Structures are given as structure tokens and as C-alpha cells.
Amino acid sequence: MQPRNMSMSGVVDLAAVKAAGEAKAKAEQARKDAARQADGGAPGAPGGAVPASALVFDVAEAGFERDVIQLSHEVPVVLDFWAEWCEPCKQLGPLLERLTVEAGGRFVLAKIDVDANQMLMQQFGIQGIPAVFAVVAGQVLPLFQGMAPEQQIRETLAQLVQVAEERFGLVGLQVDPGAEGAPAAPAEVPAGPYDALLEAAVVALDAGDLGGAVQAYKNVLADDPGNTEAKLGLAQAELLSRVQHMDPQAVRAEAAANPKDPAAQMAAADLDLAGGHVADAFSRLVDTVRVTFGDERDAVRVRLLELFEVIGADDPRVSAARTALARVLF
């Protein structure tokens, strides 16, 4: 599958989870232990089922081991690092809560207020919020940072659930359908005017048809230039198109040999970004803007702005790079 939202920090590297066999064994044992504890049956929770209201909860440093690490051997735990003053957090938090309830126990959501839990923020190396991680069978997986379109978040969480089931044997929690707060049947949502085109772009990406994806996103933007999802998807698809046939070793050698060559530096920056080296890509192009002039400088500046679109305006690395670019230009 092609990565569909590189603004999610390139993180959903779920295939790289280590010690899967050992973790799966621990998960199996944890389920057996949980089954034994549930034999008596909690009141109003037949067969050990939990109410949907228990799928989303706050967690603090003191209870992190019990509420997250231990629980992650039974069900994937998504961590939402947020703060009251963070405006994007106020958009992302309710969305994650809704998707958690809709998932019906396949994962749970632990919300962490960074102002009250500075140590956890430092331990996770978080430099900007909102930031979303997952813990699966004791393994920490970074998911994404900043706000992103709902469809992209759904796909990331679906990948998380799939890996949790296939690699670790985690099937999640049973939700009591009769309990207060249980998920209601999803209402039919009318399709938006560009849903079909956006879906066509996603299908094209999955099939490796980057040209088709680019065209589908351009079709949306032709009628709706401000469509956030299409702008983000187009920037990503164009980046993938540029790097898919590159020889990384040759590109990097060319960039090292020609530090003032705009084309060489832009190609290397594309590779940097596609490989998850976001700060390196940005600083490379800012430095290139500094040593170029006229049309060449403008070409590098435009490429840097395109890479900003791939990552997303809310990412602190984008903000820092914009400031650095402004200093160079003005």
C-alpha cells in the first residue's frame, strides 16, 4: 500500500514492529488471564464486556503502566497527547473519540494532558501537539502529529487494528451493546460532491498509479481550489511520483558534489522527505534558497512550499522552516 498521508509524519511503520512472536504470546496469556478474571461477570457486563463509555479515558503518569502498558496486551491503546490551549487538539480529540466508539472495542483511546504530564511528553520525545501514538502488546508505535483529514486517520487506525490482530493476536475488547454509551448504528451520511473523485485518487494510490492519483486530485482542485484533502493528497502523490524512480545513492552523491545546484538539492530534499527526514529536507532547501538567485531561487522556494503541503501547516517543523525561509528571503 502506498502511504496516503505523509503529514502523519511518515510514522505508521507498523510493519517494523519488533518482537512480534514474544508479544503475541504475552497477548495470548493476557487474554487468558482476563478471561479468568471475568468468569464472575461484572454487573451489567455479560461475559466481561465493557460499556462503550470505558473505551475513552484519561491517563496520567502515575497510572501509565497499569492503564496503558498492561492494557495494551489485551487491546491496542491509542494515545492522544493534547492540551487545553491547543486549537488543533480541540478538533482532533472529539474525532478520535468518535472513531474509537465506532470501532467497537478494537482499540481504546487514552487521553494525556501534556500540561499535567510533562514527564510523559518528554519520554515520548514530543515536540508539538496534537501527537498520536499507539501501544500494542507493550510496543510503542508513533502514528501521526498534527491534524489530518478524517479519512486518513481512519486508514491509519485500520492499519493499526490489522497489525494488532495479525502480528500480536489482539482482537480487542467486547463491548456491551446494552450498556449506556454503547455505539449507535451509524447514520447514513450523504456523499459529498467530491467523494467519488477523492476515492478514485486513493484507489489509484493503492494500485501504484501515481499519475492517476495526481489527475484525480487535480480534478477536485479545478472546481474546489481550497479542498484541503485534495491539496494534501496532490502534494503527496506528486512527491511520490518524483522519487519513485530515483537512484538514492546517485541523487545524494550529486547533491553532495553540487551544493549550489538547485535541481540536485531539490531531488535530494524530495528523498529526505519521502524517507521521513523532514527537518533535513526543509533545511536543505532553505540553504539552497540562500545561495541562489532569480528564477532558480524561486523554483527552490516553490518546491519548499510544496513540501510544506505534504507535511501540513500545523506541524511545528513547517512553522520553523517558514520562519527560516522568511529570514533568508527578507
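Predicted model: local features only at pLDDT ≥ 70, side-chain atom pairs only at ≥ 80, totals over all residues.
Residues are numbered from 1 along each chain as its sequence is written, and side-chain values rest on heavy atoms, with hydrogens and water left out.

The largest nonpolar core comprises 29 residues. Such a core is a set of buried Ala, Val, Leu, Ile, Met, Phe, Trp, Tyr and Cys residues joined through side-chain atoms within 4.5 Å; buried means under 20% relative accessible area, exposed over 50%, and partly exposed in between, with a 1.4 Å probe and protein chains only. The residues with the most contacts inside this core are Phe64, Val68, Leu79, Phe81, Phe124, Ile126 and Ile129. At least two core residues are supplied by each of α2 (64-70), β2 (77-82), β3 (108-113), α4 (118-123) and β4 (131-136), and the largest share, 4 residues, comes from β2. Helices (H or I, at least four residues) and strands (E, at least two) are DSSP runs numbered from the N terminus. Apart from neighbours within four places in sequence, Phe64 is in contact (heavy atoms within 4.5 Å) with Val59, Ile69, Leu79, Ile112, Leu120 and Phe124. A second, separate core has 27 residues, including Ala267, Ala268, Leu273 and Ile311. In soluble globular proteins, nonpolar side chains tend to be buried together.

The structure holds 16 salt bridges, each defined as a side-chain nitrogen of Lys or Arg within 4 Å of a carboxyl oxygen of Asp or Glu. In one of them, the closest N and O atoms of Glu102 and Arg154 are 3.0 Å apart. Because Glu102 belongs to helix α3 (residues 87-102) and Arg154 to helix α5 (residues 150-168), this pair ties together parts that are 52 residues apart in sequence. Both partners are partly exposed, Glu102 with a relative accessible area of 39% and Arg154 with 32%. Arg154 also forms a salt bridge with Glu150, again with closest N and O atoms 3.0 Å apart. Glu150 and Arg154 both lie in helix α5, 4 residues apart, or about one turn of the helix; Glu150 is partly exposed at 30% relative accessibility. Arg98, Glu102, Glu150 and Arg154 are linked in a network of salt bridges.

A further salt bridge joins Asp272 and Arg284, with closest N and O atoms 3.1 Å apart. Asp272 lies in helix α10 (residues 262-274) and Arg284 in helix α11 (residues 278-291), so the pair ties together parts that are 12 residues apart in sequence. Asp272 is buried at 5% relative accessibility, whereas Arg284 is partly exposed at 23%.

Helix α7 (residues 210-223) has 14 residues and reaches 21 Å from its first C-alpha to its last, close to the expected 20 Å; the expected span is 1.5 Å times one less than the number of residues. Its buried residues are Leu210, Ala213, Val214, Ala216, Tyr217, Val220 and Leu221. These residues lie on the same side of α7, because they cover an arc of only 165 degrees around the axis, taken from the directions from the helix axis to the C-beta atoms. They pack against α6 (195-206) and α8 (228-243). The face of α7 turned away from the buried side carries the exposed residues Ala222 and Asp223.
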